[in-house]
Amino acid sequence: MAKPKPKKRQNKPRKKPAPTGNRGKESAGAWFERLVALQARLRAPEGCPWDIEQTHLTLRTYLIEEAYEVLEALESGDDAKFAEELGDLLLQVVFHAQIASEEGRFTVADVLREIHQKMVRRHPHVFGGKSANNAREVLKNWEQIKAEERRAKSAEDGAAGAQGRKKGASLLDGIPHTLPAVMQGFQLTRRASRIGFDWDHVEGVIEKLQEELGELREAREGQSAQQVEEEVGDVLFAALNLARFLKVDPEIALKRTNAKFTSRFREMERVARDSGRALADVPREEMESLWERAKGAEQQDAANPRVRKAAGKP
C-alpha cells in the first residue's frame with residue numbers, strides 16, 4: 001500500500017489472503033470499483049489524515065518501493081505474497097488517479113480507457129489486419145506505432161509540435177532521463193534493437209565488451225581520469241547490451257548479485273566474530289579463504305532441497 005507499512009515498524013502479522021472458497025464469486029470489476037470507492041473515502045474530509053495529506057510528489061517513493069516489492073514477491077515463489085504486493089502496486093495507480101480526479105484533471109476511468117485503447121492500437125496483428133510472425137516483428141511494429149503516436153501528438157501541440165517536427169522525432173523519445181543509469185541504458189539499447197540496430201550473434205556483443213575493456217586498459221596507462229571514466233561507462237554499456245541480448249534484465253541480475261555478495265560478506269563477518277576478531281583485522285589472504293568458505297556453504301545450501309524449499313525456491 002501507499003501508507004508506511006505497520007508490519008515493518010510494529011511487528012504486526014501480514015494480512016492473509018481471502019480463503020480460496022471466496023475467490024471468483026465477484027468480478028474483478030466489482031472489486032476494482034470497491035477499491036476506487038475506498039480510496040475516495042480515505043481522501044474525503046472525514047477520512048484518513050495521512051491519505052488526505054498525500055500528493056503525487058509525496059507518493060513517488062512508495063510507487064518505486066512497491067514495484068520492487070512485487071519483484072521480490074515474484075522471486076519468492078509465494079503466490080499469496082505475490083498477489084498481495086500486486087494489490088499494493090495497483091493501489092498506487094488508484095491513489096494517483098484519485099488525487100487527479102479531485103483536481104479535475106483525469107479519473108481512473110480515463111486511465112483504464114487510455115491503456116485499453118493503447119493496447120488495441122499497438123496490437124494490429126491481433127485486433128487489425130497487420131501480421132506478425134514472431135515476437136521480434138511484434139516489437140518492431142510496437143516501436144513504429146509508438147513513433148507514429150509521438151509524431152501525431154507533436155502535431156497536436158501547436159508551436160511545441162512545430163518545434164518537435166523541426167528537430168525530428170526519435171525512436172528514443174519517451175525514455176525518461178530520470179531513470180537510474182542501468183535501466184536507462186537497457187531501455188536505450190532495447191529500443192534500438194527493435195528496428196534492427198543490433199548484433200547478429202552474442203559473440204559480437206562479447207567481442208565488443210572485450211574491446212571496451214582493452215580501451216579501458218589503454219586509458220589507465222594514459223592516466224587520464226576523464227578518459228578512464230568514459231571508458232568505464234563504455235564497458236558498463238557493453239555489459240548492458242550483453243545482458244539484453246541474452247534476455248537478462250541487468251537491474252534484476254545486479255540485484256541478485258548484490259544480494260549474493262551481501263550474504264557471503266555477512267557470513268565472513270560472522271566467522272571472523274566467532275574467532276574473536278573483526279573482519280577488518282583479518283589478513284587479506286585469510287579474507288579470500290573466508291570468502292571461498294562462504295561461497296561453498298552457499299552452494300551446499302542451494303543444492304539442499306530442504307533449504308531451497310524453506311527459501312521458497314523450486
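In this predicted model, helix H10, which spans residues 181-193, packs against H12 at an angle of about 60°, and the two axes are 9 Å apart. An angle between 35 and 65 degrees is neither roughly parallel nor roughly perpendicular, and H10 and H12 are therefore oblique to each other. The crossing in which H10 passes H12 is right-handed. On the H10 side the contact is made by Ala181, Val182, Gly185, Phe186, Thr189, Arg190 and Ser193, and on the H12 side by Phe237, Leu240, Asn241 and Arg244.

Consider H10 by itself. This helix has 13 residues and reaches 18 Å from its first C-alpha to its last, close to the 18 Å expected at 1.5 Å a residue. Its buried residues are Gly185, Phe186, Thr189, Arg191, Ala192 and Ser193. What do the buried residues of H10 pack against? They pack against helix H8 (135-156), H12 and helix H13 (250-274).

Arg244 belongs to helix H12, which covers residues 225-245. Is Arg244 buried or exposed? Its relative accessible area is 10%, and a residue counts as buried under 20%, so Arg244 is buried. Apart from neighbours within four places in sequence, Arg244 is in contact with Phe186, Thr189, Arg190, Ser193 and Asp198. Among these, Phe186, Thr189, Arg190 and Ser193 also take part in the contact that H10 makes with H12.

H2 and H5 pack at an angle of about 55°, with 10 Å between their axes. That angle makes H2 oblique to H5. H2 passes H5 in a right-handed crossing. From H2, the residues Phe32, Leu35, Val36, Gln39, Ala40 and Arg43 meet Leu90, Leu91, Val94, Phe95, Gln98, Ile99 and Glu102 of H5.

Which residues of H2 are buried? They are Phe32, Gln39, Leu42 and Arg43. These residues cover an arc of only 100° around the axis, which puts them on the same side of H2. The background is a matter of helix geometry: an α-helix has 3.6 residues a turn, so residues three or four places apart point the same way. What covers the buried residues of H2 includes helix H3 (49-53), helix H5 (79-102) and helix H6 (108-121).

An exposed residue gives a contrast. Ile64 is found in helix H4, residues 60-76. Its relative accessible area is 51%, and exposed means over 50%, so Ile64 is exposed. Ile64 and Leu89 are 25 residues apart in sequence, while their C-alpha atoms are 9.1 Å apart in space.

The last step is to look at the whole protein. It has 15 helices and zero strands. Of its 314 residues, 24% count as buried. Among contacts between residues at least 6 apart in sequence, 54% join residues at least 24 apart.

Notes
Residues are numbered from 1 along each chain as its sequence is written. This is a predicted model: local features need pLDDT of at least 70, side-chain atom pairs count only at pLDDT 80 or more; totals for chains, interfaces and linings use all residues. Side-chain values use heavy atoms; hydrogens and water are left out. Helices (H or I, at least four residues) and strands (E, at least two) are DSSP runs, numbered from the N terminus. Buried means under 20% relative accessible area, exposed over 50%, partly exposed in between (1.4 Å probe, protein chains only). Contact means heavy atoms within 4.5 Å. The arc is that of the directions from the helix axis to the C-beta atoms. Axes are lines fitted to C-alpha atoms, for helices over the stretch in contact, and angles run from 0 to 180 degrees between N-to-C directions. Angles under 35 degrees count as roughly parallel, over 145 as roughly antiparallel, 65 to 115 as roughly perpendicular and the rest as oblique. A crossing is left-handed if the near helix is turned anticlockwise from the far one by less than a right angle, and right-handed if clockwise. The expected span of a helix is 1.5 Å times one less than its number of residues.
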